[in-house]
Amino acid sequence: MLMSNLSNVNILGLTDLHTGHPNVPPCQMYEHLTKYLYPRLQDIQLLVIGGDFFDRLCNLNGDGGIYAVLIVDDLIRMANQLGFYIRVVRGTFSHDRYQNRLFLTKGKDHLTKNGKPLVRVLDNIELEVFDDLNISVVYCPDDQPYQDVTQAVIDIIEAHKLKKVDFLCSHGYWEHLLPKGLTQLPHNTLLYAKLEPYIQGAVINGHVHTANVYHKVFNCGSFERFQHGEEEKKGCFLLHYRLKDRKVTYEFIENKDATPFITLDLSDTFGSVEAALEKIIDTIDQIREQRHDPDLRIHLRLAGNSDYVALYVRDNLSNVVVTKKSTVTQEIDTEELHQVLDDLPIITEDNLPLMISESLKDTDVPLTEQEVKEILDDATDRS
């Protein structure tokens, strides 16, 4: 490997944009990217788009496809001007499919840097050495055809006669991102204990939408909020890799304008419609004041009051989307306890993902209903 003139290599990990998602207008996501992401691209040597760039099949009849083209065009133009590489790792097939080829349609034959392609799309496990950056990177896209994907990554590293690589860029599950107690891990789950000895710097991972740092694994989370259960900060990670001692420091670049998904517990209003509405309106006004946007779109989940409150909010408050029906709560005395026990919810295949998601929301590994469903589906497929 050639000696690098750099003392640090800066890598930006951007995952799970889900372009075309129905809850986030593509024009809004584009505005957030130009405000928070684009200004930092002048600081980097490598941009890793770590899977699920798309949410669904997009075409030019809709805004999702049009803005996908616009974003890809922007990124490639800036990569060429500023001199950073772009590497696009395929995410879950049902989201990305083969649409990442869009990154290869502009100047793929002549856009190079130091003899290497400026832009690459990775669909298979691969190892790449950047001589000019003095780093090595392994890519592990989602939905790989291996019985043991962890060993497949190790095999690639050892096939290149390397003891360690600097970075692993993956899209999928790691054990620590899953609920504890699963009897069957989803297919392609990566095992940290086995891979850690082979990683010198860090792992950049996508798929689970909650940003999380676990030892060397930087799970970038999603850049936007798409549903309830994703109420934490959103953005992406910028990693600073010091070459002299191979140490990583990082920044979290927050998308401060991500769409608010708010859950309000109205149980303390004691069934009073007036008190519930006052609490709702105060919360909405406070959020809009903080964001300096009186017309900010807010997704609201209500619990602990009558369904009438949800209907009133839906019909009378502009740009407020009530995404879940409110839950009626009642005072219960000991004489009614036996009836409560009889009324405990029946667990079904349809409601299990939501129940698990709700039970995990205050833990270290909160998962959305959709993420739990994907885990259960993967586990079922492997059983």
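By class, how many nonpolar, polar and charged residues does the lining of the largest pocket have?

Analyst: Bear in mind that this is a predicted model. Sorted by class, the lining of the largest pocket comes out as nine charged, seven polar and five nonpolar residues. The pocket itself has a volume of about 360 Å³. There are 21 residues lining it, and the closest to its centre are Gln 227, His 228, Gly 229, Glu 230 and Arg 301. As for the elements behind that lining, strand 15 (261-265), strand 17 (320-324) and helix 9 (352-360) are the ones that give two or more residues. Helix 9 provides the largest share, three residues.

Now for the helix packing, starting with helix 6 (residues 273-290) and helix 7 (residues 307-316). Their axes come within 10 Å and cross at roughly 45 degrees. The crossing is right-handed. On the helix 6 side, Val 273, Ala 276, Leu 277 and Ile 280 make the contact, and they meet Tyr 308, Val 309, Tyr 312 and Val 313 of helix 7. By class, that contact has eight nonpolar residues, with no polar and no charged ones.

Helix 1 (residues 26-37) and helix 2 (residues 63-82) are another pair to look at. Here the axes come within 9 Å and cross at roughly 20 degrees, which makes helix 1 roughly parallel to helix 2. This crossing is right-handed too. Helix 1 brings Pro 26, Cys 27, Met 29, Tyr 30 and Leu 33 to the contact, while helix 2 brings Asp 63, Gly 64, Tyr 67, Leu 70, Ile 71 and Asp 74. The class count for this contact is eight nonpolar, one polar and two charged residues.

One last stop is a loop residue, Arg 246, which sits between strand 13 (235-242) and strand 14 (247-254). Leaving aside residues up to four places away in sequence, Arg 246 touches Asn 134, Ile 135, Asp 166, Gln 200 and Tyr 241. Take Gln 200 from that list: Arg 246 and Gln 200 are 46 residues apart in sequence, yet their C-alpha atoms are 6.8 Å apart in space.

Key:
Residues are numbered from 1 along each chain as its sequence is written. This is a predicted model: local features need pLDDT of at least 70, side-chain atom pairs count only at pLDDT 80 or more; totals for chains, interfaces and linings use all residues. Side-chain values use heavy atoms; hydrogens and water are left out. On a 1 Å grid over the protein atoms alone, a cavity is a set of points where a 1.4 Å probe fits but cannot get out, and a pocket is an open set with protein on both sides within 12 Å along at least five of seven lines; lining residues have an atom within 4 Å of a point. Grid points are joined across faces, edges and corners, and a volume is the space filled by probe spheres set on the points. Helices (H or I, at least four residues) and strands (E, at least two) are DSSP runs, numbered from the N terminus. Ala, Val, Leu, Ile, Met, Phe, Trp, Tyr, Cys and Pro count as nonpolar, Asp, Glu, Lys and Arg as charged, and the others, Gly among them, as polar. Axes are lines fitted to C-alpha atoms, for helices over the stretch in contact, and angles run from 0 to 180 degrees between N-to-C directions. A crossing is left-handed if the near helix is turned anticlockwise from the far one by less than a right angle, and right-handed if clockwise. Contact means heavy atoms within 4.5 Å. Angles under 35 degrees count as roughly parallel, over 145 as roughly antiparallel, 65 to 115 as roughly perpendicular and the rest as oblique.
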